[in-house]
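Work through the exercises below with the coordinates open, and try each task before you read its solution.

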Amino acid sequence: MFPEGHRLAPRTRLEGDTPMGIMEQVTMTDSLRGRTTPLHMDADAFRRAGHRLVDDLADLWDTIGERPVAPGKTLDEIREAMGSQAGLPEEGMDPEALLAETTRLLIDNSTFNGHPRFFGYITAGPAPIGVLGDFLASGINPNVGGWSLSPGASEIELQAIRWISELVGFPTSGRGILTSGGQVANMLGFWAARAAIADWPVAERGMAGEGSLPLRVYTSAGTHHWLRKVVDLAGLGTDSVRWIPTDARHRMDIRVLRSRIEEDVAAGARPFFVVGTAGSVGTGAVDQLPEIRSLCDEFGMWMHVDGAYGAFAAAASSAPDDLRALSSADSVALDPHKWLYAPLEAGCTLVRDPEALPRAFSYNPDYFHMSSEVTNFYEHGIQNSRGFRALKVWLSLRQAGRQGFRQMLDDDIELARRFHGIAAEHEELEAFTQGLSITTYRYVPRDLRARVGEAEVETYLSALNEAVLGRLEREGRAFVSNAVLGERYLLRMCIVNFRTGQEDIEALAEISAEAGRAVDAELRPGPLR
Ligand SMILES: *Cc1c(COP(=O)(O)O)cnc(C)c1O
C-alpha cells in the first residue's frame, strides 16, 4: 500500500522543453494528452447508468415479497443464464448496457436475503442506507489501512466502533476494528489473546519457543467452525481445543469446563482462551458469561465472546442478563452484516485493552511513513489495504439511532417467539427450541403424531424434514435452514430481517405444512403407512 515515492512523478521534461515547446510537440494524434481510456465513463453516461441502477434496486425492494426467495434453478440452468462459462472478452462493451444487463441477470438468479420470508442461516437483508453507503464509500475510495490515506474515513470507523460498544454496553475505553465478517472478527480475538497471554515471545519464537507451554482452548460443543481454523492457522493444532458439552439449554456446562481446566493445569498445560457464545448458530443459546468471567479471572485466562449472531441483542429490552455480561469480556466478535442489517461485508472485533490489537498485529516496515498519533488500522488487524466498510454501519446507526435498533431487535425476537407459538399450536408442526430470534420446528404428519419418539418414526421424520427443506428451497416461497438436535433433523427459522412481519411468520407455518404434506405423500415407506 503506502510505499514512499509512489507519488505521481512529474512528467519527464524533454530536452529543450519550454512550456511552449511541449505544446508544439503535441499533435492531434497524441492520445496520452487528455487521455481517455476504455474504462472512461463521461459524466452523463455515469449519471444515466447510476440513476437507472438506483431505479432498478428501488423497484426490486418494492416488489421483493412477490418474487421467489430463491431462483429454484439447477446449477446448469444458473450457468446457462449467467453465461458464466464464457471466456474473457477480447473487446469491451458499452457500460450502460452492461450494467443494465447484469442487474437483470442478478435479479433473476439470486437468493434474496432481503426477502421478508428469508429465514435461513443468519443472514440479514441490506439496509438501503447501507447500500448507498457502500456506493459512496467506493466512490471516495479511501484506503482505511492508514490514517493519512483516509483521514475522515478512519475517524468514522473509530466512531462506528465506539457506537457499537455503546450499543451493546462494552466499555468505550477499549478499541476495535471492523473486519470482513464474524469469522475473522473472532480470529482477531484469538490472536490478541495469544499475544497477551503467552509468557514467552510467541511472535518471534512461535508456539514451541523456549519456556512455552502447550496452550489450551475451551469452547462449547456447538461453536462455529472458525475456532478450528484459527487454532490450526496459529500452529496450536485442533487437538488443543477442549469441546465442552452443553447442558439442557444448549449452554456450555460450566462444571465440566472447570474440571477440564483443572486437568490441563495438572498436566502442565496453559489454559488461556475461553470462548463464551452469545447466541449460538443452531438455537440462539447464550452461555453463562458471568460464570465464564469468574473462571477466567481465577485461572488467568482470556475471555472471548463469540457474539457474531447475538451480541447486538444486548441492546434489546428483552435481552437475557447473561448476554449483557458480554461487557465483561476481554474481546467480543460481532457481525454488523447480521443483526445490524449492514450489506455484506462487515464484522467487528472489540477489545477491552486498547493495546491488545497492536500487540498482536503492529509491524512497521520502513517503507511506511505513518504517524503514531493517529490510528492506522493496518496495525490493528490482518489486512493492509482496507476498504471503507465502516460507512454503511455508521450511516445506519445514525439513521435508526439506538432506539430504532432496539425496536428492530425486539421485534425480530418477538416474531420468532410468536412463530414458536404458532408452530406449537399447529396440528402438523412440532415446535422445539426458541432462543433470541431462532426457533426450531419440524413437520409431523397428523397420523404419526401419536408415534413421535418411536425409533422408526423418528428416522422417517428426519428424512422427511430434510426433504421438506429441499422442497422449500426449490419452491422459493420461503427460505429456512436446519438444525440437528440430538438425532433429530429440524427446520430452523431465524429472523434478522427488518422486512419480516406477522403475515410472513403465519405464511411460513402454512408453507411448511403444505410442503410437508406433499413430500410425505411421495416419501412415506410402506411399513409406516
Ligand atoms: C455467523 C457466525 C460466525 C461467522 O461469521 P461470518 O460473518 O459468517 O464470518 C461465527 N460465529 C457465530 C456464532 C456466527 O453466528
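**Exercise 1.** Determine which strand holds Ser481, and find which backbone atom its side chain reaches.

Solution. Ser481 belongs to strand E10, residues 481-485, where helices (H or I, at least four residues) and strands (E, at least two) are DSSP runs numbered from the N terminus. The model is predicted, so that local features need pLDDT of at least 70 and side-chain atom pairs count only at pLDDT 80 or more, while totals for chains, interfaces and linings use all residues. Residues are numbered from 1 along each chain as its sequence is written, and side-chain values use heavy atoms, with hydrogens and water left out. Next, take the accessibility: Ser481 counts as buried because its relative accessibility is 4%, given that buried means under 20% relative accessible area, exposed over 50%, and partly exposed in between (1.4 Å probe, protein chains only). Finally, the side chain of Ser481 reaches the backbone nitrogen of Tyr121 at 2.9 Å.

**Exercise 2.** Identify the partner with which Lys392 forms a salt bridge, and work out which parts of the chain the pair ties together.

Solution. Begin with the criterion, which asks for a side-chain nitrogen of Lys or Arg within 4 Å of a carboxyl oxygen of Asp or Glu. Lys392 meets it with Asp134, the closest N and O atoms being 3.4 Å apart. Lys392 lies in helix H15 (residues 390-425) and Asp134 in helix H5 (residues 128-140), so the bridge ties together parts that are 258 residues apart in sequence. As for accessibility, Lys392 is buried at 2%, whereas Asp134 is partly exposed at 25%.

**Exercise 3.** Trace the network of salt bridges to which Arg471 and Arg477 belong.

Solution. Start from Arg471, whose side chain meets that of Glu522 in a salt bridge at 3.7 Å, N to O. This pair links distant parts of the chain, with Arg471 in helix H16 (residues 455-475) and Glu522 in helix H17 (residues 502-523), 51 residues apart. Arg471 is partly exposed, with a relative accessible area of 23%, and Glu522 is exposed, with 62%. Then turn to Arg477, which forms a salt bridge with Glu514, the closest N and O atoms being 2.9 Å apart. Here Arg477 sits in the loop between H16 and E10 and Glu514 in helix H17, 37 residues apart. Both are partly exposed, Arg477 at 32% and Glu514 at 35%. Taken together, Arg471, Glu475, Arg477, Glu514 and Glu522 are linked in a network of salt bridges.

Definitions and conventions:
A polar contact is a pair of N or O atoms within 3.5 Å; within protein, one must be able to donate a hydrogen and the other to accept it, and residues adjacent in sequence count only if both atoms are side-chain atoms.
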